[in-house]
Amino acid sequence: MPNVTKPLPPILSDKHHDAPSAFTPESLLREARRQKGAESVAVPKVCLLDPDGDIVRQLRAEARARRHEGWVCYHTDMWVFDLDGHEIGVVGCAVGASFAVLVAEEMFASGCKLLISVTSSGQIMPQGAPPYFILIDRAWRDEGTSYHYLPPSDWSAAPEQLLSRLDGAFEGGPRVLTGATWTTDAPFRETEAAIAAARSRGILAVEMEAAALYAFAKARDRDVICLAHVTNQMGTIEGDFEKGEANGTADAMAVVSRIVTRLA
């Protein structure tokens, strides 16, 4: 029988990673401004992704944030607030790899220079009782978006120059570990076999955005740092998903402040 080469699955076929995209965030934003009659106004140089939306809700409840009127993304609102003297733009509820990267592309096209993502995650390798944070140094690419930015590989890595500048940044604050996570597109398909495989790779937690954000960062030469806020054991115990004070926003903001101080 002749050897027959199987075609690649769609997620891997016809990808030309070095070729420019015909559809760009700049063109989308241009047309959005035209439709909305909005001026071109830069976003803050430091932006924050808040997939759970808890940070945005807390800031608004405390009347600490104002809407960024120049943010014309069709899918989200941006809120601007002060964090220890730094102006931060935050977008809430952009959950999942594709949504997070869509917003990230538009943030950087609008003037962002540093993007920080703080996402809830489930514990894989026990490191004590949640909640605590993980500074994600690499993420297992079990999602789709990263494969549009980089050729196939197992991991997406954080920008090394940013990680090195964060060495020792979290001493005396909320608990922050450094390690690997598993990025999935399908949280309700976290089977026992998949979890065991993740543990065998030394993965600490599972989340939904980091692998794609780090692939985008490498492909576009952008500064992106991802944190996993380990808040649960995937509902396997009673009383799970407790984040701490103000739904974990007090600790999250303390950690973000330390990152901004080192990197902004």
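Predicted model: local features only at pLDDT ≥ 70, side-chain atom pairs only at ≥ 80, totals over all residues.
Just after the helix comes Gly111, with a positive phi of about 115°.

The largest nonpolar core has 69 residues, and Met107, Leu115 and Ile116 touch the most other members. Helix H6, residues 210-220, contributes the most to this core, with 8 residues. Apart from this core lies another, of 8 residues, including Trp182, Ala198, Ile203 and Val206. In soluble globular proteins, nonpolar side chains tend to be buried together.

Leu115 shows what such a position looks like in detail. Leaving aside neighbours within four places in sequence, Leu115 is in contact with Ala104, Met107 and Phe108, among others. Its contacts also include Cys47, Leu48 and Leu49, as well as Leu213, Asp223, Val224 and Ile225.

Not counting residues up to four places away in sequence, His75 touches Phe99 and Leu102. Is His75 buried, partly exposed or exposed? His75 counts as partly exposed because its relative accessibility is 49%, and the partly exposed class lies between the buried limit of under 20% and the exposed limit of over 50%. Back along the chain, Ala61 is 14 residues from His75 in sequence, and the two are 22 Å apart in space, C-alpha to C-alpha.

How values were computed. Residues numbered from 1 in each chain as written. Heavy atoms only, no water. Helix = DSSP H or I, 4+ residues; strand = E, 2+ residues; numbered from the N terminus. Buried < 20%, exposed > 50% of the residue type's maximum accessible area, 1.4 Å probe, protein only. Contact = heavy atoms within 4.5 Å. Core = buried A, V, L, I, M, F, W, Y, C linked by side-chain atoms within 4.5 Å.
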